[in-house]
Amino acid sequence: MSLVKYELDMTKGSIFKNTVRFALPLMLANILQLLYNAADLVVVSRWAGNDAMASVGSTGALTNLLINVFVGMSLGASVVVSRRYGAGDEKGLYRAVHTSVLLGIIAGISSLLSGFALSKPLLVLMDTPEGKVLDGAVLYMKIIFIGTPAVMVYNFGAAILRAVGDTKRPLYILALSGIVNVILNLILVIGFGMGVEGVAIATAISNYLSMFMVLYALSGADSTYRLHLREIKIYKEELKEILKIGLPAGLQGSVFSLANTVIQSAVNSFGTVAMAGNAAGANIEGFVYTAMNSFYQATVTSVSQNYGAKEEKRIYKGICVSMVCVIAVGIILGGVSVIFAKELLHIYITDSPQAIEFGVKRMMITGLPYFLCGIMEVMTGALRGLGYSSMTAINSLLGACGFRMFWIFGVLPMKRIPEVLFLCWPFSWLVVILMHVFCFIIVRKKAINKMYNE
C-alpha cells in the first residue's frame, strides 16, 4: 500500500487543506458507523414495533457508559502514535503500534465481561419498563457485547491510522461493514422474523468484519507503522503514555455517558412512547455530532503531530481552523435537523404521532445550539493533544456530569416537562466550554515550554 496515498503529514503544507482532507473521510466514516444503530432502530421500528424500538433505543447511553473507558484508551494510543510519527521516531512508533493493538484486545475482553455482568442490573436501575422492553434491552445488550472485543480492536487500529493522517481506509472499512450490517438486519428481522436479537447479531458480525479489515490494513502497510501480529506486546514506556492520556479520556467519556444515563432514566419515566421518540431524535442528532467530532479528531492529530515536530505556530493555527470549521458544520447541520425534524423522525417512527411529537421537542431545543457541543469537542482535542487529558476529564466531571445531575435532580422536579429536561444539554456544553478555555489559557505556555525541552 502506498505511503503517499494514505498518510497525511499535518506538520507541513496548508493547515486548512490538511484539516479538511483529514476530517471529510473521517466524517463520512463516523456517519457510516452511526448508521449501524440507525439501521437497527429503523428496522425494529418498522417490522418489530415500538416496544422493540424502545428496547434498542434505551441501551445507547448505558452501552457507552460500559465501554467508553476502554474506547478512551484508543485516544491515548492515537496521541502517542501521532507524536512518534511527527518526531520521526521509528522505533518509538513501532512500540506504540504494537502496544496499542494488544491493549485493544485486553480492553475488548474486559468490556465483554463487564457488559454481561452489569447490563440487566443497570437497565433495571434506569427504570427501564419491565416486560418486553426490559427483556429485549437485556438481550440486545448481551449480543452487542459479544461484539465489543472486535469494536475495541477496530477502534485501536483505526486510531493508529488516524494518528498518521490516514482517514480514508477507516472510511472504506466502515462502508463495507455498514452495507453488510444493513443487509443482515433485513435478512434476520424480515426474513427470519427476529426482533432485537436479529439487529444485534447483524451489528456484532459487522463489528468483527471491521476488526479483520483494519488488522489487514495495518499488517500490509508499507510504512514504519506496519503491524506484525506475531510481535504484538506491551512496551512499558508507551503503555504509560497511552494510559496517561487514554484513561482520563475514557473517564471523561464515561462521565458524559453516566450523565446521559441519568437523563435516559428521566426520559424512561415519561413512558415507552417518549423512549421511542427520544431514541429517534437522539439518533438524528448523532449525525450532527459525528460530523463535528471529525474536527475534534483532526485537532487531536494536528496538535499531537505538530507537538512532536515542535511546530508551535501550527499548533495554534490548527486549533483555530478546526474551531471555525466545527462552528460552521454545527450551525448548518443543526439548523437542517430542526427545519426537517418531523420528516426525519418519520424515517424511524411510522405509527406513533405522540412519539414523533416528543422527538420534535428534543430536536427543537438541542438542534440549534448544537454547535456549542462542537466547540467543546475541539477545545477538548486541543488540551488532549497538548497532554492535558486529565484536565478535560475533571472539567467534564464538574461541568457536564455535575451540572446535568444538578439539573435532573434540582431543576427538573420544579417543572417536570420534556422541554425542561432537554435544556440540560446546551447549558452543560456552555459550562464545559468556559472551563476548557480558562484551562487552555492557563496551561498553554507550560505545555509549549515542555515541548521544546523534550
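Helix axes are lines fitted to C-alpha atoms over the stretch in contact, and the angle between two of them runs from 0 to 180 degrees between N-to-C directions. Helices themselves are DSSP runs (H or I, at least four residues), numbered from the N terminus.

The model you see above is predicted, so local features need pLDDT of at least 70 and side-chain atom pairs count only at pLDDT 80 or more, while totals for chains, interfaces and linings use all residues. Residues are numbered from 1 along each chain as its sequence is written, and side-chain values use heavy atoms, with hydrogens and water left out.

**Two helix pairs**

Let's start with helix H13 (residues 341–348), which packs against helix H14 (residues 353–366) and also against H11.

| Pair | Angle | Axes apart |
|---|---|---|
| H13 and H14 | about 130° | 10 Å |
| H11 and H13 | about 115° | 10 Å |

What is the handedness of the crossing of H13 and H14? It is right-handed, and the crossing of H11 and H13 is right-handed too. A crossing gets that name if the near helix is turned clockwise from the far one by less than a right angle, and it is left-handed if the turn is anticlockwise.

Now look at who meets whom, where contact means heavy atoms within 4.5 Å. From H13, Ala341, Lys342, Leu344, Leu345 and His346 meet Ile356, Gly359, Val360 and Met363 of H14. Six of these residues are nonpolar, two are polar and one is charged. Here Ala, Val, Leu, Ile, Met, Phe, Trp, Tyr, Cys and Pro count as nonpolar, Asp, Glu, Lys and Arg as charged, and the others, Gly among them, as polar.

On the H11 side of the other packing, Gly277, Ala280, Gly281, Asn283, Ile284 and Phe287 make the contact, together with Leu344, Leu345 and Tyr348 of H13. This contact of H11 with H13 has six nonpolar, three polar and no charged residues.

**A covered helix**

H7 is mostly covered, with 16 of its 16 residues buried. Buried means under 20% relative accessible area, exposed over 50%, and partly exposed in between (1.4 Å probe, protein chains only). Just after H7, Gly165 takes a positive phi of about 85°.

**Residues to look up**

Most residues other than glycine have a negative phi. Lys310, which is not a glycine, has a positive phi of about 60°. You will find Lys310 in the loop between helix H11 (272–308) and helix H12 (312–339), and its 32% relative accessibility makes it partly exposed.

Thr63 lies in helix H4 (residues 60–87) and is buried, at 12% relative accessibility. Leaving out residues up to four places away in sequence, Thr63 touches Met141 and Phe145. Thr63 and Phe145 are 82 residues apart along the chain, yet their C-alpha atoms are separated by 8.5 Å.

Among the residues it touches are Lys244, Ile245 and Pro248.
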